[in-house]
Amino acid sequence: MSLLDWQTHFSQALLLPDAPELCRLPALQGIEGKRIALYEELLFNTVLDTFQSIYPYTYRLLSREGEREADWVALAEQYRRAYPNQSYKLMGAVCAFPEFLAEQDGLISKYPFLPDLALYEWLEMVVLNLPDASQAIHLPGAVPVPENWADYAPAWNPATQLRQLDYHVPEILELFNQEAAGRELLDSGDIQKKPVDILIYRDPNTMEARFFCLNGLTARLLQLSSEANVSYEAAIAQLQQDLPALRDIPTDVMIQQSGGLFQMCLQNGMLLGSVRL
């Protein structure tokens with residue numbers, strides 16, 4: 001076996017959750033179990049750091065601001081066994097954490113908002129790692145005049161994630177920064193459902209993750225206008241077809257009202273410009 005093959009097998013073996021399993025692999029024959037266990041411990045500690053980096057508020061909640069660190073470590077170990085790592089990227093090692101939390105009945109009974117909180121934190125990391133726009137933008141930083149809406153399509157920021165959450169996570173995050181009352185409310189888990197459509201995206205100027213809470217109508221318009229080769233005008237027309245309550249509104253009125261929305265998206269970096277069809 002070449003050195004490269006051995007290194008490949010060894011790195012794959014370290015993805016397994018148990019040192020005893022590692023010792024039985026052919027590539028690791030002859031290596032002391034305690035040395036393998038040391039490698040495994042180092043890898044797990046790195047994964048723990050990744051957990052706290054990607055899910056800082058989930059960590060603060062479940063570790064009680066670090067006072068119950070052992071509970072957090074035990075949960076991370078439980079996750080690692082339930083969802084063995086299939087990726088060499090540290091992000092990949094923790095990507096299924098929101099799904100894992102949704103399966104933990106004991107935690108969900110106390111913190112029903114927990115999966116949404118973790119999903120929001122994960123999506124922030126996702127948008128920070130998505131690629132930049134690759135398409136040619138014919139009207140950078142601009143929305144065409146309404147008379148030309150049939151000839152142009154929105155060029156949306158590709159580093160975005162649109163989700164509907166059962167809990168208003170941005171309001172929950174604010175509780176972490178409040179005094180004792182906010183902490184008590186978090187610890188009690190007595191937070192009511194408040195569904196929200198939320199757009200999480202990477203600001204093209206600051207390269208930071210940002211969010212906008214949207215109503216259902218706005219979220220649907222963004223979905224329609226994000227489809228390939230759909231003009232501004234076609235997106236408005238489809239929105240009126242989808243929602244009977246809008247069908248009696250004149251098209252020019254809909255365009256005028258939608259124009260303000262597109263301009264707001266442009267100013268905040270969600271929309272990058274327009275593409276000629």
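Good morning, colleagues. The model is predicted: local features need pLDDT of at least 70, side-chain atom pairs count only at pLDDT 80 or more, and totals for chains, interfaces and linings use all residues. Residues are numbered from 1 along each chain as its sequence is written, and side-chain values use heavy atoms, with hydrogens and water left out.

I begin with the overall picture. The protein has 14 helices and six strands; helices (H or I, at least four residues) and strands (E, at least two) are DSSP runs, numbered from the N terminus. Of its 277 residues, 42% count as buried. Buried means under 20% relative accessible area, exposed means over 50%, and partly exposed lies in between, with a 1.4 Å probe and protein chains only. Among the contacts with a separation of 6 or more, 68% join residues 24 or more positions apart, where contact means heavy atoms within 4.5 Å.

The expected span is 1.5 Å times one less than the number of residues. In α5, the buried residues are Trp72, Leu75, Ala76, Glu77, Tyr79 and Arg80.

Helix α14, residues 251-267, has 17 residues and reaches 24 Å from first C-alpha to last, close to the expected 24 Å. Its buried residues are Met254, Ile255, Ser258, Gly259, Leu261, Phe262, Cys265 and Leu266. What covers them? The cover includes strands β2 and β6 as well as helices α12 and α13. After α14 comes Gly269, which has a positive phi near 85°.

Two of the elements in that cover also pack against each other. Helix α12 (residues 216-225) and helix α13 (residues 232-242) meet at an angle of about 130°, with their axes 9 Å apart. From α12, the contact is made by Leu217, Arg220, Leu221, Leu224 and Ser225; from α13, by Ala235, Ile236, Gln238, Leu239 and Asp242. Axes here are lines fitted to C-alpha atoms, for helices over the stretch in contact, and angles run from 0 to 180 degrees between N-to-C directions. Why is the pair called oblique? Angles under 35 degrees count as roughly parallel, over 145 as roughly antiparallel, 65 to 115 as roughly perpendicular, and the rest as oblique; the angle of about 130° therefore makes α12 and α13 oblique to each other.

In the loop between α12 and α13 we find Asn229. Its phi is near 60°, a positive value in a residue other than glycine, and Asn229 is exposed at 68% relative accessible area. Met207, in the loop between β4 (196-202) and β5 (209-214), also has phi near 60°. Met207 is partly exposed, with 44% relative accessibility.

Three further loop positions deserve attention. Asn157 sits between β2 (152-156) and β3 (160-165). Is Asn157 buried or exposed? It is buried, with a relative accessible area of 5%. Leaving aside residues up to four places away in sequence, Asn157 touches Tyr201, Arg202, Pro204, Gly269, Met270, Leu271 and Leu272.

Gly141 lies in the loop between β1 (139-140) and β2 and is exposed, at 52%. Gly141 and Gln267 are 126 residues apart in sequence, and their C-alpha atoms are 8.3 Å apart in space. With residues up to four places away set aside, Gly141 touches Leu266, Leu272 and Gly273.

Tyr167 is placed in the loop between β3 and α10 (169-176), and is buried at 7% relative accessibility. Its C-alpha atom is 9.2 Å from that of Leu114, a residue 53 positions away in sequence. Residues that Tyr167 touches, beyond four places in sequence, include Pro112, Phe113, Asp116, Ile191 and Val196.

Finally, the cysteines. How many disulfides are there? The count is zero, a disulfide being a pair of cysteine sulfur atoms within 2.5 Å.

Thank you for your attention.
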